[in-house]
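Welcome! Here are a few exercises to work through with the structure in view. Try each task before reading its solution.

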Amino acid sequence: MVIALLAVTSGCSTTASREPTRTPTGAPLTSYVGLTFDSVTTRLRPDTTVVVQDVSVLVGTDPTYTQIAFGSPEWDVVAICADQETIEEATSVEVSIVPAVVASPSFLDEARDGDHDTTVTCDGRPHR
């Protein structure tokens, strides 16, 4: 499996073409799985380190994520972990993503069920 790995900070973003999927403040990390990437990045502190895993191969496409796409609603969250229990408190987050255009509802259901939790290593980020 080919996985692209890129560490970026939340200070970078692109213009969103649609509104981020909102979750309540303090929501558990699992509540972000299956939502758009911007649902995560809009909640981050400015100094949070984010490791992004492009796991597009799981949906039959080549990895294409670049830093320019940071926070884009064009990507869906497959798995997530952090050094704190909530996104708002986290200083280190790891997230795996796939292009939203090819993420089927059944694939996202699998992700919500935890079937793709191993797509993030969570080294130093024990909270899921």
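A residue counts as buried when its relative accessible area is under 20%. Keep in mind that this is a predicted model.

**Exercise 1. Find the overall layout and how much of the protein chain is buried.**

Solution. Start with the elements: the protein chain has two helices and four strands. Next, follow them along the sequence, which gives the pattern β-α-β-β-β-α. Finally, apply the cut-off above: buried residues make up 50% of the 128 residues.

**Exercise 2. Work out which residues touch the most other members of the largest nonpolar core, and which element gives the largest share.**

Solution. This core has 28 residues, and those touching the most other members are F37, Y65, I80, I87 and V95. Then look at the elements that give two or more residues: α1, β2, β3, β4 and α2. Of these, β3 provides the largest share, with five residues.

**Exercise 3. Decide how the rings of F37 and Y65 are arranged.**

Solution. First, a general point: two aromatic rings are described by the distance of their centres and the angle of their planes. Across the protein chain, the count is three aromatic pairs. For F37 and Y65, the centres are 6.3 Å apart and the planes stand at 70°. An angle over 60 degrees counts as edge-to-face, so this pair is edge-to-face. F37 lies in helix α1 and Y65 in the loop between β2 and β3, 28 residues apart. Both F37 and Y65 are buried.

**Exercise 4. Name the residues of the aromatic cluster that includes F37.**

Solution. F37 also forms an edge-to-face pair with F70, at 5.5 Å centre to centre and 80° between the planes. The cluster consists of F37, Y65, F70 and W75.

Definitions and conventions. Residues are numbered from 1 along each chain as its sequence is written. This is a predicted model: local features need pLDDT of at least 70, side-chain atom pairs count only at pLDDT 80 or more; totals for chains, interfaces and linings use all residues. Side-chain values use heavy atoms; hydrogens and water are left out. A nonpolar core is a set of buried Ala, Val, Leu, Ile, Met, Phe, Trp, Tyr and Cys residues joined through side-chain atoms within 4.5 Å. Buried means under 20% relative accessible area, exposed over 50%, partly exposed in between (1.4 Å probe, protein chains only). Rings of Phe, Tyr and Trp (its six-membered ring) pair if their centres lie within 6.5 Å; planes under 30 degrees apart count as stacked, over 60 as edge-to-face and the rest as tilted.
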